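Please try each task on the model before reading its solution.

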Amino acid sequence: MRIDAVDAWEVLDSRGDPTVRVRVDAGDASGTFTVPAGASTGAHEAVERRDGGDRYGGRGVRDACVAVRNDLASAVEGRPVTDQEGIDAALVDRDGTDDLSTLGANAVLGVSGAVAHAAADATGRPLYEVLAPDSGSGDLPMPMINVLSGGLHAAADLPIQDFLAVPVGAGTYPDALETVWEVRRAAGARIGAERRSGGDHPPAVADEGGFVPPVADADAAFELLVGAIRDAGYDPGDEVAIAVDVAATHFYDADADGYALAGETLDRAAMIDRVVGWIDDYPVRSVEDPLAEDDWAGWERLADRVGDRVQLLGDDLLATNADRLDRAVASGAANAALVKPNQAGTITRTRRVLEAAQDADWAPVVSARSGETCDWTIADLAVALDAGQIKIGSLARSERLAKYNRLLGIDRASDGGFAGEAALAPRE
Ligand code: PGA
Ligand code: ZN
């Protein structure tokens, strides 16, 4: 079946910001995809196009939608809808730049994602099968689930972005969700007890549904989370481990060449010591972006010290970019790669980076953005490519639950194989 129509229009995401929704028609089949957006974006991501001007505070995406309907539609109309690779190559070619800055990565990814959904509809197969290699789709991923939020995602004093729970003791994907639900409830009770006496309103949540904790420093947040794991009846470390997204790019001060963390500025060596201290003092199993996106020397030094003990996960460092991943693998700067389709710009590029991480024995972690919709494509992508891990946000807000719930549906429809703790880096 060949693509005969491509349409795009502006919708609003979970922050209320405009984003691009694309529909692709191929005969009787059709597919729709909605593009996510980050807040703590990296400098090396494919370029998101915004209109500027007065509408929506400059964040409109009408120009990106026009680019879909004109430039990109004409590049893909008439092509077989199941030829994802050929279509993605044509999209990149039509843009003409590596970072997709001519037409916008949000325009390009919108079409790429909608094509995948249309191919699923055209073939009558679920998306996780359509996106899978010939060897078939993989296991349900281990989720790392946001419990406490700070940084650019929350009106909090806490500079660190995410404190997450990894249910390493869970034997199935549904068990994993249930375990973290208990931990999250216990964390909410602790925060509530601290904030007021009595009352049963849940604490305020941030962009990804994590609680905004009444603490300003990382140690207090770690202690709160460890306490919540215990309150929920789990062993911190053996049953529920902690993951942290430091998102350090956003408090790196280039002029001072240091990290401005809660009132103090740490030089590179002190920042590395601080991160190693957290790993020594708390049951931390995964650390994302502990250093800034271009602090290659810092990453390498940290990996030398703790890369054989914990997962060192590159988000802003790698930006789902094949060249940056190659460089990081060659220098041993990390051992795991966050994979975000809108950093890459097409489904094919996303898949290539994920597979390159697997080939290097690194752990890929498929990830949502802080600005999302109820689009659940990344759930299928994680299963299709056997990523082993997924990061969606907290167990709150429908744009997060749409993806967790999609995975429950895949669990139900499949044999329920679960990647489990073995999915985390460092790989044995
Ligand atoms: P972002 O946050 O979508 O705002 O970039 C997610 C992350 O940093 O992992
Ligand atoms: Zn991140």
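**Exercise 1.** Find which residues coordinate the zinc ion (ligand 2).

*Solution.* Begin at the metal: the zinc ion (ligand 2) is held by Asp245 (OD), Glu288 (OE) and Asp315 (OD), at 2.0 to 2.2 Å, where donors are N, O and S atoms within 2.8 Å of the metal (3.2 Å for Na, K and Ca), and the site may look incomplete as water is not among the atoms. Next, read the spacing of these donor residues along the sequence, which is D-x42-E-x26-D. Then place the two aspartates: Asp245 lies in strand β6 (residues 241-245), whereas Asp315 lies in the loop between β11 (311-314) and α9 (322-331), 70 residues apart. Helices (H or I, at least four residues) and strands (E, at least two) are DSSP runs, numbered from the N terminus.

This is a predicted model, in which local features need pLDDT of at least 70 and side-chain atom pairs count only at pLDDT 80 or more, while totals for chains, interfaces and linings use all residues. Residues are numbered from 1 along each chain as its sequence is written, chains are lettered from A and ligands numbered from 1 in the order written, and side-chain values use heavy atoms, without hydrogens and water.

**Exercise 2.** Decide whether Asp245 is buried or exposed.

*Solution.* Asp245 has a relative accessible area of 1%, and it counts as buried because the limit is under 20% (exposed is over 50%, partly exposed in between; 1.4 Å probe, protein chains only).

**Exercise 3.** Trace the closed barrel of eight strands.

*Solution.* The order is β4-β5-β6-β10-β11-β12-β13-β14, with mixed pairing; two strands pair if DSSP finds at least two bridges between them. As one step, strand β4 (residues 142-149) runs antiparallel to β5 (residues 162-166), joined by four bridges.
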